[in-house]
Amino acid sequence: MGKRILVLSATPRKGGNSERLCDQFIKGAREAGHQAEKVTLRERRIGYCAGCGTCYSQKSCIQRDDAPGIIEKMVAADVIVLATPVYFYSISAQLKTLIDRACAGYTRISGKEFYFILTAADNDPAALKPAVECLRGFTSCLRNAKERGILFGTGVWQLGDVDKTDLLGRALKMGREV
C-alpha cells in the first residue's frame with residue numbers, strides 16, 4: 001500500500017507557479033502508487049492564532065474555522081508537502097497562519113516525512129534560504145520529522161513562468177520518488 005501524502009498549497013494566486021508544481025508532485029506520487037490530496041489554503045478560512053493558550057488545556061482551539069480539519073489531515077498523513085511562494089525572503093502568510101494554528105495539535109504531527117516546494121522571482125536559490133529555515137523551524141518542533149527533499153523554484157514570477165523551466169519535470173520526479 002502506498003503512502004498517504006498531503007500537499008499544502010499556500011499560494012494566494014490560483015494557478016500560480018508553486019501550485020502548478022504541487023500538481024506535478026501529486027501526479028508523480030499517484031503514478032508511484034501513493035494516495036495524494038491537495039489542500040489549497042487560499043480556499044480555506046483560517047484565522048490567526050490568538051495566543052490565548054486554550055489549546056494547551058482543552059487540546060482544541062477556540063476558533064471555529066477550517067484549521068482543525070487541515071491539522072487532522074496532517075496528523076493522518078505519512079508525507080506532508082509544504083508549498084509556498086517566497087515573499088520578502090519568507091513563506092506566504094497563508095502557510096504561516098496555518099503553522100501558527102498547528103499549535104493546538106502539533107504534538108500529534110509526528111513521524112512525518114516532509115518535502116518543501118518554494119518558488120520565487122529571484123534567480124538565486126540562496127535567496128530562498130530564510131524561507132526554508134522558517135519551514136525547518138516548524139518541523140524542528142515535531143517529533144521525528146524527516147526532511148526528504150526541497151524543490152527550489154527560482155526565477156519564476158509571472159503566471160506560467162514555471163512552464164519555461166525544468167521545474168515541472170523535477171516536481172513530477174520528486175513525487176514519483178516519495
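Rings of Phe, Tyr and Trp (its six-membered ring) are said to pair if their centres lie within 6.5 Å, and planes under 30 degrees apart count as stacked, over 60 as edge-to-face and the rest as tilted. The structure holds 2 aromatic pairs. Phe114 belongs to strand β4 (residues 113-119) and Phe138 to helix α5 (residues 129-139), so the pair ties together parts that are 24 residues apart in sequence. Phe114 and Phe138 are both buried, where buried means under 20% relative accessible area, exposed over 50% and partly exposed in between (1.4 Å probe, protein chains only).

This is a predicted model, in which local features need pLDDT of at least 70 and side-chain atom pairs count only at pLDDT 80 or more, while totals for chains, interfaces and linings use all residues. Residues are numbered from 1 along each chain as its sequence is written, and side-chain values use heavy atoms, with hydrogens and water left out.

## Overall build

The protein contains 6 helices and 5 strands, the helices (H or I, at least four residues) and strands (E, at least two) being DSSP runs numbered from the N terminus. Read from the N terminus on, the elements follow the order β-α-β-α-α-β-α-β-α-β-α. The radius of gyration is 16 Å, close to the 16 Å that the globule rule gives for 178 residues, so the protein is as compact as a globular protein of that length. That radius is taken over C-alpha atoms, and the globule rule is 2.2 Å times the number of residues to the power 0.38. Along its principal axes, the C-alpha trace spans about 50 × 40 × 25 Å.

Of the 178 residues, 47% count as buried. The accessible surface of the protein comes to about 8700 Å², and 50% of this surface belongs to carbon and sulfur atoms; such areas come from the Shrake-Rupley method with a 1.4 Å probe, and for residues only the protein chains shown count as cover. Among contacts (heavy atoms within 4.5 Å) between residues at least 6 apart in sequence, 79% join residues at least 24 apart. The protein carries 27 positive and 19 negative side chains, and the centres of the two sets lie 5 Å apart.

## Buried positions in strands and a loop

Val79 is placed in strand β3 (residues 79-85), and with 0% relative accessibility Val79 counts as buried. Leaving aside neighbours within four places in sequence, Val79 is in contact with several residues, including Lys3, Ile5, Leu6, Tyr115 and Val178.

Ile117 has its place in strand β4 and is likewise counted as buried, at 0% relative accessibility. With neighbours within four places in sequence left aside, the contacts of Ile117 are Leu21, Cys22, Phe25, Val81, Leu82, Ala83, Thr84 and Leu151.

Thr40 lies in strand β2 (residues 35-40) and is buried, with a relative accessible area of 6%. Beyond its neighbours within four places in sequence, Thr40 is in contact with Ser9 and Glu19.

Leu128, by contrast, is found in the loop between β4 and α5, yet Leu128 is buried with a relative accessible area of 0%. Apart from neighbours within four places in sequence, Leu128 is in contact with Val86, Leu118, Ala120, Phe152, Gly153 and Thr154.

| Residue pair | Apart in sequence | C-alpha to C-alpha |
|---|---|---|
| Val79 and Leu6 | 73 residues | 6.2 Å |
| Thr40 and Ala83 | 43 residues | 9.9 Å |
| Ile117 and Thr165 | 48 residues | 15 Å |
| Leu128 and Thr97 | 31 residues | 19 Å |

## Backbone angles in two loops

Most residues other than glycine have a negative phi. Tyr89, although not a glycine, has a positive phi of about 70°, and Tyr89 has its place in the loop between β3 and α4 (93-101). Asn144 is another residue other than glycine with a positive phi, here near 55°. Asn144 is found in the loop between α5 and β5 (146-153), and at 56% relative accessibility Asn144 counts as exposed.

Technical notes:
Lys and Arg count as positive and Asp and Glu as negative; His and the chain ends are not counted. The place of a charge is taken as NZ of Lys, CZ of Arg, CG of Asp or CD of Glu.
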